[in-house]
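Here is a friendly walk through the structure shown below. Please keep the sequence and the 3D view at hand while you read.

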Amino acid sequence: MNAPLSRALTDGSTADTVLRLSGVRKLYKGAVAVEHVDLAVKRGEFFTLLGPSGSGKTTTLRLIAGFERPDAGTIELDGIDVARTPPFDRNINTVFQDYALFPHMSVAENVSYGLKAKRVAAGECRERVAEALRTVQMTAFAGRLPAQLSGGQRQRVGLARAIVNRPGLLLLDEPLGALDLKLRRDMQVELKHIQKQVGITFLYVTHDQEEALSMSSRIAIFNGGRIEQVGTPRTIYDKPASAFVAGFVGTSSLLRRDGRVHVLRPEKVWVAPAGQSLGEPGLHVETGRLVDEVYLGMTTKLVIRLADGTAIEAMRANDGTAPDLPTGSAVEVGWNPAALSAVDG
Ligand code: ADP
Ligand code: MG
């Protein structure tokens with residue numbers, strides 16, 4: 001085996017890596033939009049860039065698509081540096097939040113537009129458009145104009161228009177951002193399903209942590225133009241690498257113990273009236289006072305002030321079995337020591 005090939009195989013790269021960013025940096029008028037961005041996306045992944053507004057997610061997508069050029073670093077698609085490849089020569093499609101459909105063209109014409117531009121033969125074009133519309137369940141709407149569709153339906157057409165090209169990588173920038181919450185939740189499930197069905201690698205941008213956790217195979221957390229952590233949803237949630245990640249993904253309490261800062265998730269905290277057993281062996285137990293209760297339907301959020309003054313949150317299922325806990329009462333709280341996750345502050 002020759003040296004470059006063996007290196008490629010042992011560092012787990014190349015063959016199954018669709019996209020690789022190394023040391024990418026982009027400035028706008030001297031201000032950093034993104035920097036030190038390293039990322040490797042594997043074939044078939046549903047990979048999500050998650051972070052607050054202004055953290056550099058869209059800039060990263062625009063660099064990958066080729067609409068912007070990095071000031072430093074490299075971007076490789078299928079192992080090839082694309083620094084000199086214009087957007088239309090990259091095997092990539094993008095779905096935007098505002099769909100960007102042609103208003104005067106029917107659904108079918110919108111979907112076939114890219115294939116016609118590439119001079120795909122009429123018969124194949126018809127077949128692929130039909131298949132794409134079937135995938136997004138819009139066959140019955142093929143003859144309609146965009147103005148005759150709901151927001152969710154327009155977004156499906158936007159998706160069909162991208163997948164019909166069978167790109168090696170599909171970029172999606174907050175594609176569900178304009179939809180109301182219920183439709184958004186339905187579309188999340190469907191989008192994930194479609195991604196599996198078509199097998200295209202998705203690079204998805206959102207600021208919605210629930211969306212990221214429920215859809216992604218892996219997530220990169222952006223903060224201030226940098227990536228703070230890359231991992232599976234479970235790793236990001238259970239082992240957040242920083243206080244920022246812990247606070248941005250899910251709710252958490254920060255506890256200073258043994259000279260370190262630890263994250264504690266509310267659903268891992270046990271609570272009982274003072275003097276009563278927590279009913280679980282092996283817990284680390286402390287005393288405190290219940291200072292607030294927020295009823296959330298399925299659960300109630302409890303805020304407890306510990307003896308040392310730290311406020312922590314606990315989540316209680318409203319299943320009718322929990323003992324009565326009036327606000328202000330003394331409580332015992334406990335957690336499994338393994339539930340604490342140290343962060344760097
Ligand atoms: P996100 O998509 O995470 O909300 P962006 O990538 O759009 O973040 O923005 C990252 C930073 O770069 C922000 O500070 C934003 O103001 C800045 N920025 C983005 N695009 C431009 C631009 N075309 N000109 C100047 N500044 C920009
Ligand atoms: Mg954005």
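His 36 is exposed, with a relative accessible area of 51%; exposed means over 50%, buried under 20%, and partly exposed in between, using a 1.4 Å probe and the protein chains only. This residue sits in strand S2, which covers residues 31-42. Most residues other than glycine have a negative phi.

A word on how to read these values: the model is predicted, so local features need pLDDT of at least 70 and side-chain atom pairs count only at pLDDT 80 or more, while totals for chains, interfaces and linings use all residues. Residues are numbered from 1 along each chain as its sequence is written, chains are lettered from A and ligands numbered from 1 in the order in which they are written, and side-chain values use heavy atoms, with hydrogens and water left out.

Asp 78 also has a positive phi, about 50°, although it is not a glycine. You will find Asp 78 in the loop between strand S4 (72-77) and strand S5 (80-81). With 42% relative accessibility, Asp 78 is partly exposed. The strands and helices named here are DSSP runs numbered from the N terminus, with at least four residues (H or I) for a helix and at least two (E) for a strand.

S2, S4 and S5 belong to an open sheet of four strands, ordered S2-S1-S4-S5 with antiparallel pairing. Two strands pair if DSSP finds at least two bridges between them. S2 and S5 stand at the edges with a single partner strand each, so one side of each has no neighbour in the sheet. S4 and S5 run antiparallel and are joined by two bridges. Glu 76 has Asp 81 in S5 as its bridge partner.

Another open sheet has three strands in the order S11-S12-S18, again with antiparallel pairing. Its edge strands are S11 (253-257) and S18 (341-343), each pairing on one side only. Between strand S12 (residues 260-264) and S18 there are three bridges in the antiparallel sense. Val 261 stands opposite Val 343 in S18.

Now to the ligand. Which residues are around ligand 1? They are Tyr 28, Ala 33, Pro 52, Ser 53, Gly 54, Ser 55, Gly 56, Lys 57, Thr 58 and Thr 59, where near means that a heavy atom of the residue lies within 4 Å. By class, this shell has three nonpolar, six polar and one charged residues. Helix H2 (residues 57-65) gives the largest share of the shell, three residues.

The table lists polar contacts, that is, pairs of N or O atoms within 3.5 Å.

| Residue | Polar atom in the residue | Distance to an oxygen atom of ligand 1 |
|---|---|---|
| Ser 55 | backbone | 3.1 Å |
| Gly 56 | backbone | 3.0 Å |
| Lys 57 | side chain | 2.8 Å |

On its own, ligand 1 has 560 Å² of accessible area, and the protein covers 57% of it; accessible areas come from the Shrake-Rupley method with a 1.4 Å probe.

H2 itself is mostly covered, with seven of its nine residues buried. These are Lys 57, Thr 59, Thr 60, Leu 61, Leu 63, Ile 64 and Ala 65. After H2 comes Gly 66, whose phi is positive, near 95°.

Conventions: A polar contact is a pair of N or O atoms within 3.5 Å; within protein, one must be able to donate a hydrogen and the other to accept it, and residues adjacent in sequence count only if both atoms are side-chain atoms. Ala, Val, Leu, Ile, Met, Phe, Trp, Tyr, Cys and Pro count as nonpolar, Asp, Glu, Lys and Arg as charged, and the others, Gly among them, as polar.
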